[in-house]
Amino acid sequence: MIATIDLENTYSSGVYSKRPVAIVRGCGASLWDAEGREYIDCAAGHGVANVGHGRLEVASAIAAQAQRLITCPEIVYNDVRARLLERLAHLTPEGLTHIFLCNSGAEAVEGALKFARIATGRSGIVATLRGFHGRTMGALSTTWEPHYRESFAPLVPEVSHIRYNDLEAAEAAINEQTAAVIIELVQGEGGVHMASEEYVQGLAALCRERGALL
Ligand SMILES: Cc1ncc(COP(=O)(O)O)c(C=O)c1O
């Protein structure tokens, strides 16, 4: 375990502060470290591995696809991607029929910000205090925590941060310059704070009324 920790400390970027545990294996929601100690995985890769570790059908599907075709950029068509897009379009709420496939949360946020600007012809973004949306320049601009932001100024302009779960603040901030409002339905990094149903519905109505995207 010390060897692993030393190697990572020596060669990693140092961007992430780590707990002193080296995880080597997982099964379902359980994890094991190099000494065989078992842990419950309450993070699941920050939510991206909610199906659990070591699922045979997931591992087999990944292996089969990698053997057949390891990658296929969107400059050509692909049978598997076509079926995935169709399936996702049927799983998402009515009216959401076009899918942007990407590799990470931050990239999804970057895509959303750009789609919002191009769709509305506006440039303002309203985000929230304690919000976290990723570390790339656009996503970081919507992230609130100064510790993440301050070393990278200047960030993307025309981003404002308002109080979470506060419809009056939203009412004052969303205007004819606003391309989009971005919130987490449950804030994670900023503590565990849930958006109330009234807040989300109010935000949706405000955005609809003022021509901004949510
Ligand atoms: C709410 C939220 N948005 C965006 C991100 C960024 O995702 P990624 O780390 O995959 O870029 C995270 C990461 O934890 C997140 O919690």
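Which residue in β3 does W32 stand opposite? It's E38. Before going on, a word on the model: it is predicted, so local features need pLDDT of at least 70 and side-chain atom pairs count only at pLDDT 80 or more, while totals for chains, interfaces and linings use all residues. Numbering starts from 1 along each chain as its sequence is written, and side-chain values use heavy atoms, with hydrogens and water left out.

Back to the strands (DSSP runs of E, at least two residues, numbered from the N terminus, just as helices are runs of H or I, at least four residues). Strand β2, residues 30-33, runs antiparallel to β3, and three bridges join them. Pairing here takes at least two DSSP bridges between two strands. The open sheet has three strands in the order β1-β2-β3, with antiparallel pairing. β1 (23-27) and β3 (38-40) are the edge strands, each pairing on one side only. From one strand to the next, the twist averages 30 degrees (axes are lines fitted to C-alpha atoms, and angles run from 0 to 180 degrees between N-to-C directions).

Now for the nonpolar cores, meaning sets of buried Ala, Val, Leu, Ile, Met, Phe, Trp, Tyr and Cys residues joined through side-chain atoms within 4.5 Å. Buried is under 20% relative accessible area, with a 1.4 Å probe and protein chains only. The largest core has 15 residues, and I174, V181 and L203 have the most contacts inside it. Helices α7 (167-173) and α8 (197-210) each supply at least two of its residues, with α8 giving the largest share, four. Leaving aside residues up to four places away in sequence, L203 touches L167, A170, I174, V181, I183 and L214, where contact means heavy atoms within 4.5 Å.

Terms used
Buried means under 20% relative accessible area, exposed over 50%, partly exposed in between (1.4 Å probe, protein chains only).
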